[in-house]
Amino acid sequence: MALLIKQSDVQSFREAGVVILRGVFKEWIDILANGADFHLNNPSERSLVHQNEKYQGQFLEDFCNWRRIPEYSDFIFNSNLASIASNLMESKTVQFFHDHFFYKEANSGVPSPWHQDIPYYCVKGHQTVSFWLPLESRQKNVSLRLLAGSHLLNKEIRPTSWSNNESFYEDSNAFMDMPDSDGYEIKEWETEPGDVIAFNFKTIHGANANKDTKMSRTLSFRLLGDDVVYNERPGRTSPSFSGINQQNGERLREDWFPTLWSE
Ligand SMILES: O=C(O)CCC(=O)C(=O)O
């Protein structure tokens, strides 16, 4: 299959668990921004608002809105998202998992602590990718930060609730503590609309609260490759997919998680 990105990008993604792709979704920004405008005025019942007394503004996050926001589904089905995901994950198939919206007013939010995404999800596997797509220019100090190579740890990191730092599930030996970030190279970039940071669900990452004087909107699109299967967790997941009715080891159901790419 033709590569839409450089071979060196695939190699960085494989080795570091993260790569920045400059300008690849430029022509989609106005479309996605229209969707985000609608979204902000019509958040779903899944949406969460975080408040921190240090920052005055509102920080809203929301999940799984692609079916009701046509601009998001247009992007998911008609952009190069799936073919780039197939390149990066080195996967013959690409299945859509979910979208995640982050809206931070100027001077708002809570810092997103260092974390891995996969332990919060009802899946396991290595061929995964999230596309973190900021809709406005982003300075480094309000951009995503990631620990290069952390996707190769052989145990998942204990997930915690961001509001009170308590363990998300009953504590178990299945998880390890967060390693010291000092042992890793930190990847972080200034970004322009159209740039995307692509990272493995296992790559440890975090972000500051929005200390900027401008609001920020980011969409993360999450995709699954060949080796990803359903994984029952010992409690609720985030996002939750209640009624999913699947067994451990099954590929995720097509009617909820459509296949976008198959070779
Ligand atoms: O942008 C943020 O504050 C956090 C993003 C994040 O954790 C993610 O997309 O997985």
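Start by selecting cysteine 64: you'll find it in the loop between β3 (55-63) and α3 (70-78). Residue numbers run from 1 along each chain as its sequence is written. Bear in mind that this is a predicted model, where local features need pLDDT of at least 70 and side-chain atom pairs count only at pLDDT 80 or more, while totals for chains, interfaces and linings use all residues.

Stay on cysteine 64 and check its backbone. Its phi is positive, about 60 degrees, although the residue is not a glycine. Is cysteine 64 buried, exposed or partly exposed? It is partly exposed, with 17 other C-beta atoms within 10 Å. (Buried needs 20 or more other C-beta atoms within 10 Å of the residue's own, exposed means 12 or fewer, and partly exposed is in between; the C-beta atoms are placed from the backbone.)

Next, jump to asparagine 245, in the loop between β15 and β16. Here too is a residue that is not a glycine but has a positive phi, about 55 degrees. Asparagine 245 is exposed, with 8 other C-beta atoms within 10 Å.

While you're there, pick proline 239, which lies in the loop between β15 (229-230) and β16 (259-262).

Now select helix α2, residues 29-41. (The expected span is 1.5 Å times one less than the number of residues.) Colour Leu32, Gly35, Ala36 and His39, which are buried. Turn the view to look down the axis of α2: these buried residues fall within an arc of 100 degrees, so they line one face of the helix. (The arc is that of the directions from the helix axis to the C-beta atoms.) An α-helix has 3.6 residues a turn, so residues three or four places apart point the same way. On the other side of α2, Asp30 and Asn41 are exposed.

Finally, zoom out. The chain has 4 helices and 16 strands, and its C-alpha trace spans about 45 × 45 × 40 Å along the principal axes. Of its 263 residues, 38% count as buried.

Key: Helix = DSSP H or I, 4+ residues; strand = E, 2+ residues; numbered from the N terminus.
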